[in-house]
Amino acid sequence: MADEAAKLDEALRRQGDTVRRLKQEKASPEEVAEQVAKLLELKAQLGTEEGKHKFVLKTPKGTRDYNPKQMAIREKVFNIIISTFKRHGAEVIDTPVFELKETLTGKYGEDSKLIYDLKDQGGELLSLRYDLTVPFARYLAMNKITNIKRYHIAKVYRRDNPAMTRGRYREFYQCDFDIAGQFDPMIPDAECLKIVHEILSGLQIGDFLIKVNDRRILDGMFAVCGVPDSKFRTICSTVDKLDKATWEDVKSEMVGEKGLSREAADRIGEYVQLHGGLGLIEQLLQDPKLSQNKLAQEGLGDMKLLFEYLTLFGIADKASEEKIRTTETQVLVAAAQKKLLEERLKLISELWDSGIKAEMLYKKNPKLLNQLQYCEDNGIPLVAIIGEQELKDGVVKLRVVATREEIDVRRENLVEEIKRRTCQP
């Protein structure tokens, strides 16, 4: 094969010389055209021979083969998933692997550039499906279906930069489960989370965390933090990166690339760095700013209802299980308003002098939400809250972190009440 390629190279060189000589001699156009055609034919032959010589067997970028052992594991996983879907009364559907391009265009925002477009086939512009959601919406609209509980397991395609070692492929499976229709709030949502919990438990992957959100809460938070309406979506896409990036990186993108004011970004940071379940929802419902936003209140109200249903399903808020504590702190001294640092220092000193193990945050004006979150994160059972009204009335508001119960305790009885509730002699 190497000898043939060498001969073609030599013939190509000689034919090139012939064409150049004819042009210099000002030969007739017909004669030049004939020799140029021979030159192009030789180039085509050489390209074919080189292609044969360099051909390598491999899978396309971002894809892989699966051997029998891997397929056996996949089949086992799919069986667990499908049996769970069927246990909840779901039907199965299938849709074409490609859709009309106009069906997919504009449905994915910035990710639309990742859609695989196909060449024109018989007058139709087609694209490989990016996910199973848009084809499902098309299926519902085309068949005039208003209520269905369906699952769909199939491959989807994304023209992304693959990272095979991190499980990012251009061809991969999605397992979709949807309950489409009009229902009372949060009942179908709770069942969907129950299904996820059953599947992940059945797969025996170890501990896992299911995250839930509500766009109304996020939009309300953006509004009270001073984000212009026109920037909601672009700021939202940046906040979504918190799972993979630090808050400082996210803040830098908001301010430097998205044009958000530093003050607004700082206010967003106070909220998006919080985490928790029902306890966090109740804290946010009492937040002075969010409580004034109708959209946020609606979202938080529905989220609270969701967690009530999840509690009945036995899967809610595992942030309330006993934590592995590294301290023995009994109570956190907290302030409900600003400019109460001196009062906090007085109260915590009284508690220390009485043998109570107490902490406080080292800030002049910490937000109540952050103080309560500190207790959740560190397993501190009680919060002693003082505010202007409590100081006037001579009481301290004692909050039980686990149950969110709050009682007013006379200041002179506080030490005894803390000892009683933490079983300290």
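Where does Gln204 lie? I looked this residue up first, and Gln204 sits in the loop between α6 and α7, where helices (H or I, at least four residues) and strands (E, at least two) are DSSP runs numbered from the N terminus.

**Before going on.** I note that this is a predicted model, in which local features need pLDDT of at least 70 and side-chain atom pairs count only at pLDDT 80 or more, while totals for chains, interfaces and linings use all residues. Residues are numbered from 1 along each chain as its sequence is written, and side-chain values use heavy atoms, with hydrogens and water left out.

**Entry on backbone angles.** Most residues other than glycine have a negative phi, and most peptide bonds are trans. I found that Gln204, although not a glycine, has a positive phi of about 55 degrees. Gln204 is also exposed, with a relative accessible area of 71%; here buried means under 20% relative accessible area, exposed over 50%, and partly exposed in between (1.4 Å probe, protein chains only). Met186 is another residue that is not a glycine and has a positive phi, of about 70 degrees, and Met186 lies in the loop between β5 and α6. With a relative accessible area of 12%, Met186 is buried.

**Entry on helix α5.** I checked which residues of α5 are buried, and they are Val134, Pro135, Phe136, Arg138 and Leu140. The cover over these buried residues includes β2, α4, β4 and β5 (171-180). After α5 comes Lys144, whose phi is positive, near 55 degrees.

**Entry on salt bridges.** How many salt bridges does a search of the whole structure find? The search gives 26, a salt bridge being a side-chain nitrogen of Lys or Arg within 4 Å of a carboxyl oxygen of Asp or Glu. Side chains of opposite charge can pair when their charged atoms come close.

Next I turned to Lys149, which forms a salt bridge with Glu191, their closest N and O atoms being 3.3 Å apart. Lys149 lies in strand β4 (residues 148-157) and Glu191 in helix α6, so this pair ties together parts that are 42 residues apart in sequence. Lys149 counts as partly exposed at 22% relative accessibility, whereas Glu191 counts as buried at 18%.

A further salt bridge joins the side chains of Arg410 and Glu412 (3.7 Å, N to O). Arg410 is partly exposed, with a relative accessible area of 40%, and Glu412 counts as exposed at 59% relative accessibility. I also noted that Glu405, Glu417, Arg420 and Arg421 are joined into one network by salt bridges that share partners.

**Entry on nonpolar cores.** The largest nonpolar core has 37 residues, and those with the most contacts inside it include Met221, Phe222, Ile235 and Met254; a nonpolar core is a set of buried Ala, Val, Leu, Ile, Met, Phe, Trp, Tyr and Cys residues joined through side-chain atoms within 4.5 Å. Among the elements that each supply at least two residues of this core are α6 (187-202), α7 (215-225) and α12 (294-313). Of the contributors, α12 gives the most, with 6 residues. Leaving out residues up to four places away in sequence, Phe222 touches Val227, Phe232, Ile235, Cys236, Val239 and Ile268, contact meaning heavy atoms within 4.5 Å. A second, separate core of 18 residues includes Val331, Leu347, Leu351 and Met360.

**Entry on cysteines.** How many disulfides does a search of the whole structure find? I found 0, a disulfide being a pair of cysteine sulfur atoms within 2.5 Å. Cys192 is in no disulfide, and the nearest cysteine sulfur, that of Cys175, is 14 Å away. Cys192 counts as partly exposed, at 23% relative accessibility. For Cys375, the closest cysteine sulfur is that of Cys423, 18 Å away and too far for a bond. Cys375 is buried, with a relative accessible area of 1%.

**Last entry, on a loop.** I looked up Gly106, which is found in the loop between α4 and β3 and is exposed, with a relative accessible area of 61%.
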